[in-house]
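Hi everyone, thanks for making time for this one.

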Amino acid sequence: MAAKARLKTLDVRIPVEDRVLDGVINVPSPSSWDGCAVVLTHGAGGDLHFHHLEQIATHLARTGILCLRFTCKTPNFQYRLRCFEAAVSYLGASEEFDVQKCIVAGRSMGARVAAELATQSCLTNRLIFGVACLSYPLHPPKRTSELRVSSLLHLGIPVLFVSGTHDPMCRMDLMEGKVLTRLGTNWEMRWVENADHTLNINSKSNAEVVDIMCDWVVKWCQSVFMAER
């Protein structure tokens with residue numbers, strides 16, 4: 001079997017307030033998904049090179065969807081929100097890629113920020129058409145009374161959740177009974193059996209699980225973009 005062609009990546013610098021953020025754009029070949037993009041970021045730890053983000057970006061680009069992922073290392077939620085907004089604006093202003101539709105996505109804390117951005121800007125930002133949440137941190141470990149739902153309940157655009165059934169920060173019964181039943185928008189929930197918060201199984205990364213997760217994300221993104229055509 002012939003090896004898949006290596007797709008182009010671009011290192012970019014995203015201006016935000018008094019600093020710049022490191023970013024990478026996975027550039028797809030021309031396709032029927034031209035003008036569609038995903039903006040993706042990491043959790044409280046890690047950076048844009050977190051392996052799940054790299055794999056998702058690669059899968060998207062192979063499908064024909066551009067992906068911008070960026071690093072924002074700070075625990076300050078409001079600052080990360082402004083950084084995410086700057087990343088979306090950066091891509092939307094690009095003359096090279098002419099992005100018309102985008103999905104905001106993140107892992108863990110990055111998922112909360114993506115959801116909050118989508119909630120705040122769904123009526124004003126014409127670029128954002130959906131939000132994808134990987135390992136959404138619904139509550140702190142062992143503190144299930146502190147549900148983080150404010151970024152979710154007023155979403156006006158489609159949302160995807162991918163979480164592990166053994167995630168100590170997202171108890172299944174709470175996500176299904178306290179969140180999904182209250183959402184007023186189209187949603188899709190994907191559970192990875194026996195996976196933890198990092199989507200590892202028995203503390204080990206599973207290549208098959210990562211491929212399945214990427215397939216879920218790509219197909220969901222396609223469905224969101226297709227609905228807007």
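Let's begin at glycine 164, which stands opposite valine 192 in S8. That pair belongs to the contact between S7 and S8, two parallel strands joined by six bridges. Strands, by the way, are DSSP runs of E with at least two residues, helices are runs of H or I with at least four, and both are numbered from the N terminus. Two strands count as paired if DSSP finds at least two bridges between them.

A quick word on what you're looking at: this is a predicted model, so local features need pLDDT of at least 70 and side-chain atom pairs count only at pLDDT 80 or more, while totals for chains, interfaces and linings use all residues. Residues are numbered from 1 along each chain as its sequence is written, and side-chain values use heavy atoms, with hydrogens and water left out.

Back to S7, residues 159-164. How many of its six residues are buried? Six of the six are, and the strand is mostly covered. I'm using buried for under 20% relative accessible area, exposed for over 50%, and partly exposed for in between, with a 1.4 Å probe and protein chains only. On one side of S7 you have Val159, Phe161 and Ser163, and on the other Leu160, Val162 and Gly164, so both faces are covered. S7 also runs parallel to S6, and four bridges join the two. Within that pairing, cysteine 133 stands opposite phenylalanine 161 in S7.

Now zoom out to the sheet. It is open, has eight strands with mixed pairing, and its order is S1-S2-S4-S3-S5-S6-S7-S8. At the edges sit strand S1 (8-16) and strand S8 (187-192), each pairing on one side only. From one strand to the next the twist averages 20°; axes here are lines fitted to C-alpha atoms, for helices over the stretch in contact, and angles run from 0 to 180 degrees between N-to-C directions. Elsewhere in the sheet, S3 pairs with strand S5 (residues 101-107) in the parallel sense over six bridges. One example there is cysteine 36, whose bridge partner in S5 is lysine 101.

On to empty space. Rolling a probe the size of a water molecule over the atoms shows where empty space is left. On a 1 Å grid over the protein atoms alone, a cavity is a set of points where a 1.4 Å probe fits but cannot get out; a pocket is an open set with protein on both sides within 12 Å along at least five of seven lines; and lining residues have an atom within 4 Å of a point. Grid points are joined across faces, edges and corners, and a volume is the space filled by probe spheres set on the points.

How many cavities of 30 Å³ or more does that give? The count is one. The largest cavity holds about 40 Å³ of space. Its lining is Val38, Leu40, Ile56, Leu60, Ala105, Ala132, Leu134 and Val217. Strand S3 (36-41), helix H1 (51-63) and strand S6 (128-134) are the elements that give two or more residues to that lining. By class, the lining has eight nonpolar, no polar and no charged residues. For the classes, Ala, Val, Leu, Ile, Met, Phe, Trp, Tyr, Cys and Pro are nonpolar, Asp, Glu, Lys and Arg are charged, and the others, Gly among them, are polar.

The second largest pocket has about 180 Å³ of space. Of its 14 lining residues, Pro28, Asp34, Gly35, Leu66 and Phe97 lie nearest its centre. Its lining splits into eight nonpolar, three polar and three charged residues.

Next, the cysteines. Taking a disulfide as a pair of cysteine sulfur atoms within 2.5 Å, a search of the whole structure finds zero. Cysteine 67 is buried, at 0% relative accessibility.

Last stop, backbone angles. Most residues other than glycine have a negative phi, and most peptide bonds are trans. Asparagine 202, however, has a positive phi, near 55°, and serine 203 has one near 65°. Asparagine 202 lies in the loop between S8 and helix H5 (207-227), and serine 203 is also in the loop between S8 and H5. Asparagine 202 is exposed at 69%, and serine 203 is exposed at 63%.
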